[in-house]
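Visitor: I am new here. Please show me the structure, and then let us go through it in short questions.

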Amino acid sequence: PEPEPEPEPEPQPAANKPAAPASVVAFTTELREKGVLDLLEKLENARGGGGENPMQMFDTMRQLNQLSDKLSTIETADLPEDLKQPVNRFRDATADMATHMEEIPIPVEIMSGGQEAIGPWFVEKMAEDPLFPQVMEDWGRTMGELGGAMEKAGTDWANSLAEYGIEPPAE
């Protein structure tokens with residue numbers, strides 16, 4: 001008789017994984033206590049719907065600034081290197097995105113007036129500066145690049161957290 005093959009080891013459930021290092025546990029606790037995870041979830045839920053609604057865009061800008069501010073207070077020095085690097089990249093990408101959003105070429109008071117105010121203002125601005133459409137295009141292109149960098153950094157961070165058996169922030 002042929003020997004029976006060794007049974008495949010069953011995957012270990014998350015509960016049986018080794019506990020995350022204390023620095024990682026403290027880090028995730030700090031994220032939760034400072035509201036970082038809630039802000040990430042709000043930003044994820046708002047994604048894709050703010051382009052036409054200036055008020056939602058302002059809300060997103062405010063939340064992004066809050067997220068950047070809160071992330072800047074999170075200490076990462078004691079984290080394992082494979083988690084520290086993605087966290088720092090996400091923090092930096094978030095700060096870059098928040099700064100760029102504040103540099104939008106359309107004044108806040110015009111944006112808050114909605115499309116009724118933006119249209120005439122844009123026509124007037126183009127009459128004053130024929131290169132203004134290029135300024136807007138450049139700003140938008142940079143916005144897209146920064147958004148992509150922030151999204152990649154967020155995915156890398158979430159994957160790093162998952163390696164420690166920790167549910168990633170809103171993905």
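This is a predicted model: local features need pLDDT of at least 70, side-chain atom pairs count only at pLDDT 80 or more; totals for chains, interfaces and linings use all residues.

Visitor: How many helices and strands are in the chain?
Guide: Helices (H or I, at least four residues) and strands (E, at least two) are DSSP runs, numbered from the N terminus. From that end the elements read α-α-α-α-α-α-α. The count is 7 helices and 0 strands.

Visitor: What percentage of the residues of the chain count as buried?
Guide: The chain has 171 residues. The buried share is 36%.

Visitor: In H4, which residues are buried?
Guide: H4 covers residues 81–102. Its buried residues include Leu83, Lys84, Pro86, Val87, Asn88 and Phe90. Also buried in H4 are Ala93, Thr94, Met97, Ala98, His100 and Met101.

Visitor: How far apart are the end C-alpha atoms of H4?
Guide: The expected span of a helix is 1.5 Å times one less than its number of residues. H4 has 22 residues, so it should span 32 Å. The distance between its end C-alpha atoms agrees: 32 Å.

Visitor: Is H4 roughly parallel or roughly antiparallel to H7?
Guide: Axes are lines fitted to C-alpha atoms, for helices over the stretch in contact, and angles run from 0 to 180 degrees between N-to-C directions. The axes of H4 and H7 (residues 132–163) come within 8 Å and cross at roughly 155°. Angles under 35 degrees count as roughly parallel, over 145 as roughly antiparallel, 65 to 115 as roughly perpendicular and the rest as oblique. Therefore H4 and H7 are roughly antiparallel.

Visitor: Is Thr60 buried or exposed?
Guide: Thr60 is found in helix H3 (residues 54–72). Its relative accessible area is 19%, so Thr60 is buried.

Visitor: Which residues is Thr60 in contact with, leaving aside its neighbours within four places in sequence?
Guide: Contact means heavy atoms within 4.5 Å. With those neighbours set aside, the partners of Thr60 are Leu43, Ala46 and Met101.

Visitor: How far apart in space are Lys42 and Thr60?
Guide: Lys42 sits in helix H2 (residues 36–46). In sequence, Lys42 and Thr60 are 18 residues apart. From C-alpha to C-alpha, the distance is 8.6 Å.

How values were computed: Residues are numbered from 1 along each chain as its sequence is written. Side-chain values use heavy atoms; hydrogens and water are left out. Buried means under 20% relative accessible area, exposed over 50%, partly exposed in between (1.4 Å probe, protein chains only).
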